[in-house]
Amino acid sequence: MDNLDAARLQMAFTLIFHIVFACIGMVMPFFMIIAHKKWLNTRNPIYLKLTKSWQKGVAIFFVTGAVSGTALSFELGLLWPEFMKYAGPIIGMPFSLEGAAFFVEAIALGFYLYGWDKIPEKFHWFTGVIVGLSGVASGILVVSANGWMNAPSGFDYINGQFLNIDPVKAFFNPAWFTQALHMTLAAFTATGFAVAGIHAYQIYKERQVELHKKAFKIAITFGAIAAILQPISGDLSAKDIAKRQPVKLAAMEAHYETQKGAPLYIGGIVDTENKTVSHKIEIPKALSFLAFGDFDAEVKGLNDFPDDVKPNVPMVHYAFQIMVGIGTLLMVVGGLFFISLKRKSWWQKNWYWLLFAILAPFGFIALEAGWIVTEVGRQPWIIHNVMRTKDAVTPMPGMIYSFYFYLCLYGILTVAVTWLMTRQIKSLNNSKTV
Amino acid sequence: MLYVVLFFLLVSLLLYVILAGADFGAGIVELFSSEQNQKITKKTVYSVMGPVWEANHIWIIILVVILWVGFPEFYNVLVVYLHIPLTLVLLGITMRGVAFVFRHYDAYKDQSQVVYDWMFRISSFATPIFLGITAGAMVSGELIITENYSNYSFAELFVNPWLNGFSILVGLFFAALCAFLTSILLIGETNETNRPIYVRKSKIANITVIILGFIVLSYGMIFEIKFVTDFLKNPYTISLVALSGILIFPLMKSIKNARRIVSRTLAGVQVVLIILAALITHYPYLIIASNTEMSIIESAATESTINVLGISLIVGGLIILPGVFHLFKSFKMIKILE
């Protein structure tokens, strides 16, 4: 494996982990403050217990998210020094604001975690709200920086020089809004379903049912609403990509031949040799409509792009199918949850809880798949149409060892966090029923 | 605006050194304690640092962001040539953060605590050493800044600049500084019976700092390291170091009289003076390589970037600094209103 591939693998690997930690750290505070609010309103001790156990989860994920985020802020430079040298001054603004938002979050979390019975009740609750809001702000800011890599703006690229830098314009690049919206909803969907799934499993196992049902309801409400809204944001993203990164769209759909009234492929196996897709379900004219809002619009195919600007088509295509497939599934199940609020009898059924327990990891699978679509789909560029990833990588040889090193590090981290969370749940279940 | 940015760079560096330094020191003090004292230290440290320790470590993110946004070429040299020690710093920060959470948030307090404790202590010791090594490497005169990587071996470019006597000594010196900060901090946080432990520890740490400082300078003189010879020639540097040295006397007195705010402030000021002395020696040439010197000012980004960065920092600072202050105050880490 050459240096570039090793560095890319390491980056992918770190991001895959960080995204999970960061999303949970960003969304869970909202569950926590809802439970907290219910405790303040009802004085039902179950809500207090729930708040406190979620608060531990938030703390654990915040810190692991923070350290893996610190690692990333170093890694960006360590792995892609040439990228950072030029991109830093242009997209630094969202990053410095992200640092500020993250700082606010850490301060607020300090108040929240250690403020029980020490600071006024309402203010204490409010610090929890700040934790949540600043977490979401951090997420949006970072995604905006990623948006710039897809839609570089705020500079003139003349003879290999980045001139007339306008950091504000770079921040509000054409991709920032669609990406930030899509990611925020995805974070709520994934975390909502994951947390709800864990609690559903506990209900299925008949442990502390009353508490877990309350927890389930809070988490899944967020998850279900986000899942139902997500297709709207997905449509905005697709139309945006069709305009800005047509080759990415073509790879997502494994769409080889340029044609008017292009069909949409669902599933299918990509044959890169013959440039065809077999075993697919074909919906006539749907791709043209989804990309341009016109059934007869022309969609440019992969064959009309030079080879050296194409990403890995099968990977992008499969990842896209996984994302959309799971997204649709979660949207339907989210609908089922709202129906179940009317049909209370479902809440007594085992299948209901088992369904949500099984779905626990699916939101995150979709979320990771989505990032693979956007990141692998951007290749071979690190800055779309401006700088190639191979020109940005560190000149230091031996990155493969660095990759192994991070593999071990994050492997240990995952095992450790999982172990810690299991112990939290176990201790919660073993505690006396309130 | 450039000077606003430099000001924030300096402030976040100093705050990181002092706040995170005291954090690292906690693990180091624990590492070099008897088993009985380790338990006391662990408890005291948690009660002091618990609410703020996360905030303490964010300063390095701010530091890194300012560097790569505002001074991209300078940052580029660090991340390319000091890749290995920075990765080790990163490993230390990760291990430490995780160990800290685990030992305080694990739902069960059982045998696994032993693992967390050792992870915490060792990474607390190793991280400041590698941070110091990185800082030492910047001025060691061993860096080779080049466009033609193939003219040099891997070791010449990526290992020798930091794996040398001078850099390692600087690393040890920084770790000793951290232990010094913490032991002073802990004197004020513990009860009457345990106080002598930390008074003794702070003396040991203080002496270690002085001895190591002396060794670093002598080593530099013997091997004619440019940074050290300049350090000893620069009148500002010498005055700052001398001032820091003189402060030992009031410090010892305030420790004796159990005036904890005064002693903390004095210890903090001492460390700040030492860092400033090191920075001023060669300012603005903060990287001294074998073939060139690199000015932080000259590597600044274009004006529009610096302006936006400066404004972001001012706005961010207005939100963050009062927040940090209140956090420290609410949990009685600052007792000015006492």
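Lys285(A) counts as partly exposed, because 17 C-beta neighbours lie inside 10 Å. The model is predicted. Lys285(A) sits in the loop between E5 and helix H9 (286-292) of chain A. Its phi is positive, about 60°, although Lys285(A) is not a glycine. Most residues other than glycine have a negative phi.

Strand E5 (residues 276-283) of chain A runs antiparallel to strand E4 (residues 264-271) of chain A, and seven bridges join them. Together E4(A) and E5(A) make a hairpin, with four residues between the strands. Lys275(A), in the turn, has a positive phi of about 55°. Across the pair, Gly267(A) stands opposite Lys280(A) in E5(A).

Ile266(A) belongs to strand E4 of chain A. Leaving out residues up to four places away in sequence, Ile266(A) touches Lys280(A), Ile281(A) and Ile283(A). Another pairing in space involves Gly325(A). Ile266(A) and Gly325(A) are 59 residues apart in sequence, yet their C-alpha atoms are 9.0 Å apart.

Now take chain A as a whole. Chain A has 14 helices and eight strands. Its C-alpha atoms fill a box of roughly 65 × 45 × 40 Å along the principal axes. A compact globule of 434 residues would have a radius of gyration near 22 Å; chain A has 23 Å, so the two agree. Of the 434 residues in chain A, 53% are buried. Among contacts in chain A with a separation of 6 or more, 76% are between residues 24 or more positions apart.

Next comes the interior. In soluble globular proteins, nonpolar side chains tend to be buried together. Here the largest nonpolar core holds 260 residues. Which of them touch the most other members? They are Cys23(A), Phe31(A) and Leu181(B). Setting aside neighbours within four places in sequence, Cys23(A) is in contact with Ala187(A), Ala190(A), Thr191(A) and Leu367(A).

The two chains also meet. Their contact takes 52 residues from chain A and 53 residues from chain B. On the side of chain A, the elements giving two or more residues are helix H2 (45-79), helix H3 (81-114), helix H5 (167-171) and helix H14 (399-430). H3(A) gives the most, with 22 residues. By type, that side of chain A divides into 35 nonpolar, 13 polar and four charged residues.

Chain B has local features of its own. Helix H6 (residues 112-139) of chain B has 28 residues and should span 40 Å at 1.5 Å a residue; its end C-alpha atoms are 42 Å apart, so the span agrees. Just after H6(B), Gly141(B) takes a positive phi of about 75°. Glu224(B) has a positive phi too, about 50°, and is not a glycine. Glu224(B) lies in the loop between helix H9 (195-222) and helix H10 (226-233) of chain B. Glu224(B) is exposed, because 9 other C-beta atoms lie within 10 Å.

Finally, look at two prolines. Most peptide bonds are trans. The bond from Gln379(A) to Pro380(A) is cis, with omega near 5°. Pro380(A) lies in the loop between helix H12 (362-376) and strand E7 (381-383) of chain A. In chain B, a cis peptide bond joins Tyr283(B) and Pro284(B), with omega about 0°. Pro284(B) is in the loop between helix H13 (260-282) and strand E1 (285-288) of chain B.

Key. Residues numbered from 1 in each chain as written. Chains lettered and ligands numbered in written order. Predicted model: local features only at pLDDT ≥ 70, side-chain atom pairs only at ≥ 80, totals over all residues. Contact = placed C-beta atoms within 7 Å. Nonpolar A, V, L, I, M, F, W, Y, C, P; charged D, E, K, R; others polar. Expected span 1.5 Å × (residues − 1). Rg over C-alpha atoms; globule rule 2.2 N^0.38 Å. Buried ≥ 20, exposed ≤ 12 C-beta atoms within 10 Å, placed from the backbone. Core = buried A, V, L, I, M, F, W, Y, C linked by C-beta atoms within 7 Å. Pairing = 2+ DSSP bridges.
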